[in-house]
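User: I am new to this structure and would like to learn how its features are read. Could you take me through them in turn, giving the general idea before each case?

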Amino acid sequence: TTSLPQGLCGDGTFPVETPATTQLRLEPIETPATRETYTVPTIDGSTRTFTEAVTYQWLATAGKFSSADTGGGHDAFGNLMPVHTVWTAPDAKDLDASGDVQMWIIQRDERLGVAVYPACVHVTR
């Protein structure tokens, strides 16, 4: 698991550095407020309480993700779906001159909340 500092490539953020074709396991760090609990009225006049399911979309200017969309609801056994992905850095020949790869992690919840987290990875040749 790799911790990525938030920021855009070139904005002064010191990016994580990794060799070309290396795999990085990326997993969002959720705070206690990430999955909000909420109550809704039911048709019979009572209420029902839910905890939000959160999804993540992984985007990058280069490289490949094992899964571009992670998270969501529960599987058939009641377990939360995995939120991590594995990113494979591009081959050196596929890099631009800077070697920087811009990433965006987009977090969405069931009630239309959206947060975007940019990160930069410097891929060495």
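User: Which residues of the largest nonpolar core touch the most other members?

Analyst: In soluble globular proteins, nonpolar side chains tend to be buried together. A nonpolar core here is a set of buried Ala, Val, Leu, Ile, Met, Phe, Trp, Tyr and Cys residues joined through side-chain atoms within 4.5 Å, where buried means under 20% relative accessible area, exposed means over 50%, and partly exposed lies in between (1.4 Å probe, protein chains only). The largest such core has 20 residues, of which Leu4, Leu26, Trp87, Met103 and Val123 touch the most other members. Two or more residues of this core come from each of strand E2 (23-26), E5, E9 and E10, the strands (E, at least two residues) being DSSP runs numbered from the N terminus, as are helices (H or I, at least four residues). This is a predicted model, in which local features need pLDDT of at least 70 and side-chain atom pairs count only at pLDDT 80 or more, while totals for chains, interfaces and linings use all residues. Residues are numbered from 1 along each chain as its sequence is written, and side-chain values use heavy atoms, with hydrogens and water left out.

User: How do E9 and E10 run, and how many bridges join them?

Analyst: Two strands pair if DSSP finds at least two bridges between them. E9 and E10 run antiparallel and are joined by nine bridges, with Ile106 having Val116 in E10 as its bridge partner. Their hairpin has four residues between the strands, and Leu112 there takes a positive phi near 75 degrees.

User: How many salt bridges does a search of the whole structure find, and which residues are linked in a network of them?

Analyst: A salt bridge is a side-chain nitrogen of Lys or Arg within 4 Å of a carboxyl oxygen of Asp or Glu. The search finds five, and Glu36, Glu52 and Arg111 are linked in a network. Within it, the closest N and O atoms of Glu52 and Arg111 are 3.1 Å apart. This pair links distant parts of the chain, 59 residues apart, since Glu52 lies in the loop between strand E4 (47-51) and strand E5 (54-60), whereas Arg111 lies in the loop between strand E9 (100-109) and strand E10 (114-124). Glu52 is buried at 2% relative accessible area, while Arg111 is partly exposed at 41%. Another salt bridge joins Asp94 to Lys93 at 3.5 Å, N to O; Asp94 is partly exposed at 48%, and Lys93 is exposed at 67%.

User: Over which ring does the charged end of Arg111 sit?

Analyst: A charge sits over a ring if NZ of Lys or CZ of Arg is within 6 Å of the ring centre and within 35 degrees of the ring normal. The charged end of Arg111 sits over the ring of Tyr38, 4.3 Å from its centre.
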